Amino acid sequence: MSVTEAAESRLATHRVVNQPPPLADYDPFAADLALQEALDREGGGWGRERVRELAAILGSTEALEHARRAQRNIPVLRTHDRYGNRVDEIDYDPSMHWMLRLGVERQVNTLPWRETREGAHVVRASMFHLFNQLDTGPCCPFAINYAAVPTMRQDPALAAAWEQRLTLPDYDRFAQAGMAFTEKQGGSDLRANSTVAEPVGDGWYELTGHKWFCTHPVFEVFFTLAQTDNGITCFVANRPHPGFRIQRLKDKLGGRCLASSEVEYDHLPARMLGEEGRGTAFIVEQLVYTRLDTLIAVTGMMRRAVAEAVWHARHRAAFGAPLAEQPAMTNVLADLALESEAATVATIRLARAFDEAAGEEPAFRRLALAVLKYWVCKRGAPLAAEALECLGGNGYVEEAFMAQLYRDIQLGTVWEGSGNVIALDVLRALAREPECAAAFLAECELAAGADPRFDAHLHSLRERLLAPPDALPEAEWGARRLVEDMALALQASLLLRHSPGFVSSAFCAGRLEHRGLAFGDLPREVDGAAILTRALAL
Ligand SMILES: Cc1cc2nc3c(=O)[nH]c(=O)nc-3n(C[C@H](O)[C@H](O)[C@H](O)COP(=O)(O)OP(=O)(O)OC[C@H]3O[C@@H](n4cnc5c(N)ncnc54)[C@H](O)[C@@H]3O)c2cc1C
């Protein structure tokens with residue numbers, strides 16, 4: 001044996017075999033047939049090239065490296081400069097700025113407010129879906145600006161002052177908006193806010209108090225809530241200002257590249273928005289759009305988790321065969337893929353309701369937004385956990401990206417309405433706006449007759465929705481199950497109309513007929529191989 005051969009044989013253990021290549025330098029849009037079809041179907045076909053161009057960047061090794069770096073170098077709060085002056089600045093890693101710049105320049109935060117063509121919300125939703133597959137951190141500020149424009153349009157003078165800069169696709173000159181509502185003693189219950197607003201003349205107020213969660217506190221203009229003599233009222237204020245102090249950054253489970261803070265106001269100048277004492281009504285617009293984005297964000301993260309799991313299982317063999325071809329694993333992956341496709345199809349359909357103000361769309365939107373926000377966010381975290389498991393030990397290390405997804409996706413369950421709050425919102429809409437139930441059912445009924453399991457589910461749901469509502473304690477007790485059944489009806493209806501038969505039939509079998517408590521419990525007749533081929537078109 002030569003010296004070289006001897007050395008090679010000693011080092012044989014360093015040869016890497018049976019490890020999948022990274023899922024990088026690929027086009028996540030081209031690989032996602034469900035998203036492509038939804039974009040075209042819901043009126044965003046004209047934006048295909050725009051979406052494709054962004055997707056190619058998002059799937060590149062360069063973008064993945066930026067996301068990885070921004071996650072490792074988390075933001076740092078600088079409260080004072082070297083001379084002791086209060087500055088309240090956040091130092092972000094240059095890679096976080098790279099991601100923020102990319103989104104602003106591609107109008108991921110603003111497209112529908114600059115592009116009046118119908119379908120702009122659908123195009124933008126598709127871009128946002130894809131961006132969340134890179135990193136959800138920069139997507140939070142995108143969502144806040146997206147929502148800030150319709151919020152400001154309720155006050156034309158405010159919109160005239162800010163809209164042009166909020167929507168500028170120029171990272172160095174655009175204005176970032178913010179929102180600070182949550183306080184220590186109450187987040188969901190915003191009426192419990194204790195910050196006070198004192199009039200100082202000429203239409204101005206001074207705010208004094210605190211906010212317990214305030215994300216990306218580097219904005220120039222922001223909405224907040226405070227008490228006046230007439231109750232909780234909405235205000236708009238500017239920063240930087242000495243009366244706005246960042247107390248500390250949150251050490252968060254996920255979204256780690258993004259700064260979320262606790263802030264205090266000390267006689268911070270602000271202007272009132274909307275009617276005094278009706279602050280929560282004024283910010284509904286902000287919550288509607290950020291709620292839509294929370295839903296899209298989780299849908300995008302689910303998609304990335306499924307893509308990673310399918311990719312890994314295709315390239316990794318165990319016990320003599322690729323994992324993806326082994327029945328127990330095929331069942332798991334197919335089940336995850338169904339969940340992801342159902343979320344994508346429903347989310348992009350909902351985005352169309354933001355493009356169309358006519359007919360039943362507003363009533364459909366009111367209910368479908370809450371229903372889907374509840375259910376998709378509920379499914380996101382368990383899906384990410386199962387997808388992580390598909391990678392085995394490789395899924396449990398930080399380099400794999402699954403750990404980040406596993407943490408980040410959980411945010412969707414809390415942000416913009418946690419599960420119970422949303423389920424109760426559905427009850428409220430059903431009780432106060434009966435046209436919403438009719439519009440929701442009408443959309444579901446478009447698939448009537450397509451599958452007996454769906455027909456049975458819809459029949460039972462219709463009876464429950466049209467019956468006189470239960471008294472409140474009973475209704476609240478059962479709220480989650482009702483919302484879940486509504487979400488499944490909508491998702492099944494859309495899949496039956498728009499996806500291949502092997503997808504919709506498997507969904508009806510696995511979600512309406514049998515409901516296993518873990519993923520990977522689809523009945524035997526399901527065509528798992530066909531679902532997996534469609535799930536990652538690479
Ligand atoms: C990363 C991150 C960023 C954030 N950024 C911002 C921001 O920029 N600006 C901002 O204003 N806020 C922000 N928030 C705050 C977020 O919006 C709140 O955490 C959320 O609204 C929930 O409020 P809470 O934390 O007070 O929970 P609570 O309201 O105390 O709710 C706790 C639990 O009780 C449940 N619950 C509440 N009411 C009922 C009821 N009537 N019946 C049954 N169950 C109920 C809820 O569903 C929840 O599960 C952020 C939060 C996070 C995690």
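Arginine 41 counts as partly exposed, at 27% relative accessibility, in this predicted model. Its side chain meets that of glutamate 42 in a salt bridge, with 3.5 Å from N to O, and glutamate 42, at 4% relative accessibility, counts as buried. The count of salt bridges in the model comes to 47.

**Salt bridges**

- Arginine 78 pairs with aspartate 91 in a salt bridge whose closest N and O atoms are 3.7 Å apart, and this pair links distant parts of the chain, strand E1 (residues 76–80) and strand E2 (residues 86–91), across 13 residues.
- Arginine 78 is partly exposed at 32% relative accessible area, and aspartate 91 also counts as partly exposed, at 37%.
- Glutamate 220 and arginine 165 form a salt bridge with closest N and O atoms 3.0 Å apart; glutamate 220 lies in the loop between strand E5 (204–215) and strand E6 (221–228), while arginine 165, 55 residues away, belongs to helix H9 (residues 156–166).

**Leucine 273**

- Leucine 273, in strand E9 (residues 260–273), counts as buried because its relative accessibility is 1%.
- Leaving aside residues up to four places away in sequence, leucine 273 touches Asp155, Leu158, Phe223, Cys234, Phe235, Val236 and Phe282.

**Second largest pocket**

- The second largest pocket has a volume of about 670 Å³ and is lined by 29 residues, with Arg68, Glu398, Glu399, Ala400 and Phe401 nearest its centre.
- Helix H4 (61–72), helix H11 (284–315) and helix H14 (402–408) each supply at least two lining residues, and H4 gives the most, with 7.
- By class, the lining of this pocket comprises 14 nonpolar, 6 polar and 9 charged residues.

Technical notes. Residues are numbered from 1 along each chain as its sequence is written. This is a predicted model: local features need pLDDT of at least 70, side-chain atom pairs count only at pLDDT 80 or more; totals for chains, interfaces and linings use all residues. Side-chain values use heavy atoms; hydrogens and water are left out. On a 1 Å grid over the protein atoms alone, a cavity is a set of points where a 1.4 Å probe fits but cannot get out, and a pocket is an open set with protein on both sides within 12 Å along at least five of seven lines; lining residues have an atom within 4 Å of a point. Grid points are joined across faces, edges and corners, and a volume is the space filled by probe spheres set on the points. Helices (H or I, at least four residues) and strands (E, at least two) are DSSP runs, numbered from the N terminus. Ala, Val, Leu, Ile, Met, Phe, Trp, Tyr, Cys and Pro count as nonpolar, Asp, Glu, Lys and Arg as charged, and the others, Gly among them, as polar. Buried means under 20% relative accessible area, exposed over 50%, partly exposed in between (1.4 Å probe, protein chains only). Contact means heavy atoms within 4.5 Å. A salt bridge is a side-chain nitrogen of Lys or Arg within 4 Å of a carboxyl oxygen of Asp or Glu.
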